[in-house]
Amino acid sequence: MNKIFFLSLLFLFFLHHQAPAQAEMAYQEPPASIIELVDAPTTPSMSISPRNNRILLMENPGLPTLEDLAVEELRLGGIRFDPRTNGPSRGWHHTGLMLMDIDGSNERPVSGLPENPRLRNISWSPDGQKVAFLHTGEDGIELWWLDVATAHARALTGPVVNAVLGNTFNWLSDSETIVYTAIPADRGEAPERPRVATGPVIQESVGRRAAVRTFQDLLGDAHDEAIFDHYTTAHLHQTDLEGNSTPIWKPAVIWSFNVSPDGQYIRVTTLQKPYSYIVPFSRFAHRYEVIDIEGNPVRVIADIPVTEEMPRGFGATREGARSISWRNDAPATLYWVEALDGGDPNTKAEFRDQVFFMEAPFQEEAVAGFKTNYRYSGITWGNDDFALVNEFWRPTRMAKMSSFHPADPAAGLTLIRERSVEDRYGDPGNLQTTTNEYGRSVLMFDRNGRDLFLVGQGASPEGNRPFVDIYHFHTDQTTRLWRSEAPHYEQAMRIIDPDRRLVITRRESVEEHPNFYLRDLRNDQVTQITDFPEPFPQLRELHKEMIHYEREDGIPLSGELFLPPGFTPGTDEPLPTIFWAYPREFLTTDGAGQVSGSPYTYTRLGSTSIVMLTTQGYAVLNNASFPIVAGDTGEPNDTFVEQLVANAEAGINHLIDMGVTDPERVGVSGHSYGAFMTANLLTHSDVFVAGVARSGAYNRTLTPFGFQLEERTYWQAPEVYNAMSPFMHADKMEVPMLLIHGADDNNSGTFPMQSERYYDALRGHGATVRLVMLPHESHGYRARESVLHMHWEWLEWFDRYVKNRE
């Protein structure tokens, strides 16, 4: 062939295949086998009545469309909402309801639902005879209720519910009355932004430290404040089940409210001026107060100033009352917690927090209760003689659970257990609760009041094996009632009768898709109560196994290996392989090496799962262990990059030894912190030939006051921030990298700018790189068009640079 002619053809080939620096294209679709998996039918959610005699099944929709995501959205105060409906702009919903008896019999669809139902906030009444829920229509949000006896639903209000800040309605203990937040009747039109600014926007700090992590969607000026007030101002109403609604109290910016168990009082939290432009609304100044059920003021409990300044560290909190709540087992008693160390985890202190109590009619001062050594993390109420309090200390990963006497809360605590949360094998499980006469959650005792019940995941070297135990709290001993056995993975969802030992479980296996069962622990009998259709029959031939291997330093690692149907390791040619992982920090090697997951679960894929690549001839190591363990310095991130590479090399070497993987055709992918991992692995190792990073952060100087579990600031550890930032090492990238990011990502730290600037850096140094920004998408991708296009990009990239690489 003529040399000039050959060179001309070669030039035209590269010209045709070279993508322009910027390009718009229509949304693409992957092969039909992947589309079928993305569009697989969803499984209904389940809710059990407070009396454990009825089940409500809630139908879930498929993926929304891009048009659904493209509706008008306001982004103010750290939240996003739909001004048309006065509710969340990106919330999930249910599309249908069905009732059945607890044994699966008497199944009946709920009638009377609105056309095109978009249902959420499903809530049983305390007596279990009714269900309240919200429906989002074209013009707003309505409050509805369902009569369980007739399986018929009806609307209680028009589209007047205000759900911008989330807390929308409460049942009263009479199961006949509901209190809800409504749009003020005289609200009027939203204020318009002035065409011309009236002055500059000024922020000032006078020598006081106010180090905060990165937040998005904050207020920016006085007009933002006015718009925020317009849409968040709400008026409390109460309604009976005939729809007779009465306003109570006054319109206010109501952050949250909660009716007392006896239905006589309401704890209301309202936002107060001045607002902040550097923190979300959850740190705005706010007031806790109590009103009676008619709306009359009773007492202001606490005024909390704006929290722009907070001590550094993950155990940090603000000063003053926090977590003001009702005792679940008492008619009307408030409790809250206050820091004793100024909220500063760096201050040495024997006690970190103290709990306070105040009973109705709220005329006396608060009673000081017990103190905690660690940071308070919640109470599980039982009765006047027994309740539990949990504590946690992030710097050491230690957790405590203690008992106390609510009738004498100052008497102190009795330690039940103290353990590292990194030790999954030693997790004794969670104490189970039931619903009391007020419809509130309290500890589940046996009929004699001497035993409690534990349900846990049962992590072990062979994988998770869920269990149910009796906890004899007077002797601090446990007795095993049941444990999941191979070849099934079965977990207890709720104990519905502790004395008869009846439990609702969710059961599955590799070949058996999940359904709900009624298990009799005494007689070891199990009865299926649902029969959902199999969502992924096309994956029956997929090979799945949990593999175990070791890192060079001896830390045990594991992962879920998926292989295409019919592939035989050691006989067939090794496969192109993709790693999917998410790094996690540990203080100890014991915790880092523990196995998670189970080899006996059904392969249920999320719409964005990497496992779908197995339908295209890839091996996939899913959820591969990528621990980052603290060394001699006590800081895991001091050797972050080295440990990433060690984790990857261990996994690849094991798959090569198994005869699964072609070492010349290995790619890596991850989302968020997994994207950060992907960029670092491509930069600092030579074991991957290409990668895809989704919605990551690549320049840690843009998150200078900490990220993930890194507490140090950039100025305290600049060498760590720089070493961990792929952006700082863009000149070292030698393999193709695809960056995908939601154009409207609102996750703290993963601003879309992170991918845009990283792309610029890689392109500037001559790397092979592609940037895909998905319109209207946030941190996770939801629209069907976006998800399918993401799969197309994934497959095209890996086919070109991994499977078919020259």
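Ser-672 sits in the loop between strand E44 (661-671) and helix H7 (673-684); helices (H or I, at least four residues) and strands (E, at least two) are DSSP runs numbered from the N terminus. The model is predicted: local features need pLDDT of at least 70, side-chain atom pairs count only at pLDDT 80 or more, and totals for chains, interfaces and linings use all residues. Residues are numbered from 1 along each chain as its sequence is written, and side-chain values use heavy atoms, with hydrogens and water left out.

Although not a glycine, Ser-672 has a positive phi of about 60°. Ser-672 counts as buried because its relative accessibility is 13%, where buried means under 20% relative accessible area, exposed over 50% and partly exposed in between (1.4 Å probe, protein chains only). Asn-623, in strand E42 (residues 619-624), also has a positive phi, near 50°. At 47% relative accessibility, Asn-623 is partly exposed. Most residues other than glycine have a negative phi, and most peptide bonds are trans.

Two cis peptide bonds can be located in loops. One runs from Lys-273 to Pro-274, with omega near 0°; Pro-274 belongs to the loop between strand E17 (265-271) and strand E18 (286-292). The other runs from Ala-486 to Pro-487, with omega near 10°, and Pro-487 is in the loop between strand E33 (477-483) and strand E34 (488-497).

Ala-368 lies in strand E23 (residues 367-372) and is partly exposed, with a relative accessible area of 35%. Leaving out residues up to four places away in sequence, Ala-368 touches Gln-354, Val-355, Phe-356 and Ala-410, contact meaning heavy atoms within 4.5 Å. Ala-368 and Ala-410 are 42 residues apart in sequence, with 6.6 Å from C-alpha to C-alpha.
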